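Please examine the protein chain displayed below.

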Amino acid sequence: LALRVRVRMLQSKLEKQNPSHDVMYSELSLLQEQRSEYANTLEVHFEDFSHGEIVSDIQNQTEALGGEVLTETQRIERQDERRELEESLKTLIDSDSSFSSIKKMLAEHYQEAGEKMQLTVEQTMRRNNVFIVHTIQGDKKLRHNANSNVSEDTTFEDDLDILLALEPSLSTSAIVPGADEEGRVSGLWSNSGGILIAGGSISAASSRDMGTVSYGIKERRQPGTIEKRPTVSELDEVVRNRRADKDAQGGYNELVVDNPEVAGYFQTGVQDEHGVFWAHNLETKNQLFELQTLYKASPSSIGYQRAITLFNKNLDMFKQGMITARSRGLPQYVMTPDRHVFECLSVNDNGTLTVGEEVTPEQIATGRAGLAPETRKEIGNNLLAKKMFRHASAQQEASAIIDTL
């Protein structure tokens, strides 16, 4: 009975959980060893019982001749022993069938688990040498349109906190570093910057914008479609394809990532012919030279005052993004037009950037990502207090997510 129960428990564990492959096979092997020992012991009992049956037959014949016979108690005991042996034999037969079933379930289970593993952000990045990014539109009215879960009053800081604390399903793009032989680069939905993702699972993929819509914090899909996860080969074909012309914004692909873990924050920058990095693009460099010319002509002129105000406004936006990311403990990066990513060490007042080493998709994929549950919980409770979600259902879902941390 104990063997049968343990076999059934092993089947139940496999059906209800996602156990370790090695642990499951170890438990299965142990049960099979115990089954063999049980069978050997049963064989001895069966031989003893068979001998007893022969003795019983002789005693029955003796009874017919008027000799010594088995007592009623002994006969009942013999019948009980027979039933016990029959039940034990049935247990062995059932266990053989169950072991075969478990082996089949294990093979199917870990084949499916292996496929799911290949659809994780980390494995996709490493396999294809791509960054997976979620860009954040600079204009909050465009950022929080009708497709957004939160109100237009939600700040950039709030947006970053939502990503970190709630890990909502996101629309993202895969970015291949460098340009191809035709000068094409991976497109971005927005050049305002965004987050690098290193954790989560990919539930949908298309070489073009799918127009996905949020159906709650933890669900995002294309309207009017049934969710169908891509195969590994379909996903790889999507993420490896560059479609935009050099310096172009369009031509991006779309991947839906569930439970994304943020690995860092980036903004776009550019390297000039002298190797100097500039915030945003080369227009920052041009504006600086224009400022110098206007200043030499007349520091008090309206033209100079307007130009310096605009220059500082654009630069302050860049600085503030990096400062906010740093305050959340996120590494800061610069992404060039040809989609190379560098560490951003500082943003200088003249619009230049001090950069560190170039980072690879492999480094991002295998590095630190996401926040500790207690930190997510603290940030999440602060978000809930602001009541920024447009619908009560979203507020309730956010609260349920935070409660599980």
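Arg339 counts as buried because its relative accessibility is 3%; buried means under 20% relative accessible area, exposed over 50%, and partly exposed in between, with a 1.4 Å probe and protein chains only. Arg339 lies in the loop between β8 (332-335) and β9 (341-347). Its phi is near 65 degrees, which is a positive value in a residue other than glycine. The model is predicted: local features need pLDDT of at least 70, side-chain atom pairs count only at pLDDT 80 or more, and totals for chains, interfaces and linings use all residues. Residues are numbered from 1 along each chain as its sequence is written, and side-chain values use heavy atoms, with hydrogens and water left out.

The protein chain as a whole contains twelve helices and ten strands. Helices (H or I, at least four residues) and strands (E, at least two) are DSSP runs, numbered from the N terminus. Of the 405 residues of the chain, 41% count as buried. The accessible surface comes to about 21,800 Å², and 50% of it belongs to carbon and sulfur atoms; such areas come from the Shrake-Rupley method with a 1.4 Å probe, and for residues only the protein chains shown count as cover. Among contacts between residues at least 6 apart in sequence, 76% join residues at least 24 apart, where contact means heavy atoms within 4.5 Å.

Two packed helices are described by the angle between their axes and the distance between the axes. Axes are lines fitted to C-alpha atoms, for helices over the stretch in contact, and angles run from 0 to 180 degrees between N-to-C directions. Helix α8 (residues 282-297) and helix α9 (residues 302-327) cross at roughly 150 degrees, and their axes come within 10 Å. The two helices α8 and α9 are therefore roughly antiparallel to each other; angles under 35 degrees count as roughly parallel, over 145 as roughly antiparallel, 65 to 115 as roughly perpendicular, and the rest as oblique. Among the residues that meet here are Leu288 and Leu291 in α8, and Ala307 and Phe311 in α9. By class, the contact of α8 with α9 has nine nonpolar, four polar and no charged residues. In this classification Ala, Val, Leu, Ile, Met, Phe, Trp, Tyr, Cys and Pro count as nonpolar, Asp, Glu, Lys and Arg as charged, and the others, Gly among them, as polar.

A further pair consists of helix α11 (residues 373-386) and helix α12 (residues 392-403), which pack at an angle of about 155 degrees with their axes 9 Å apart. That angle makes α11 roughly antiparallel to α12. The contact includes Arg376 and Leu384 of α11, together with Ile401 and Ile402 of α12. By class, the contact of α11 with α12 has four nonpolar, four polar and three charged residues.

Arg376, found in helix α11, counts as buried because its relative accessibility is 11%. Leaving aside neighbours within four places in sequence, its contacts include Glu167 and Leu405. Glu167 is itself buried, with a relative accessible area of 8%, and its place is in the loop between α6 (156-166) and β2 (170-175). Phi of Glu167 is near 45 degrees, a positive value in a residue other than glycine.

Finally, Ala369 lies in the loop between α10 (361-366) and α11. At 21% relative accessibility, Ala369 counts as partly exposed.
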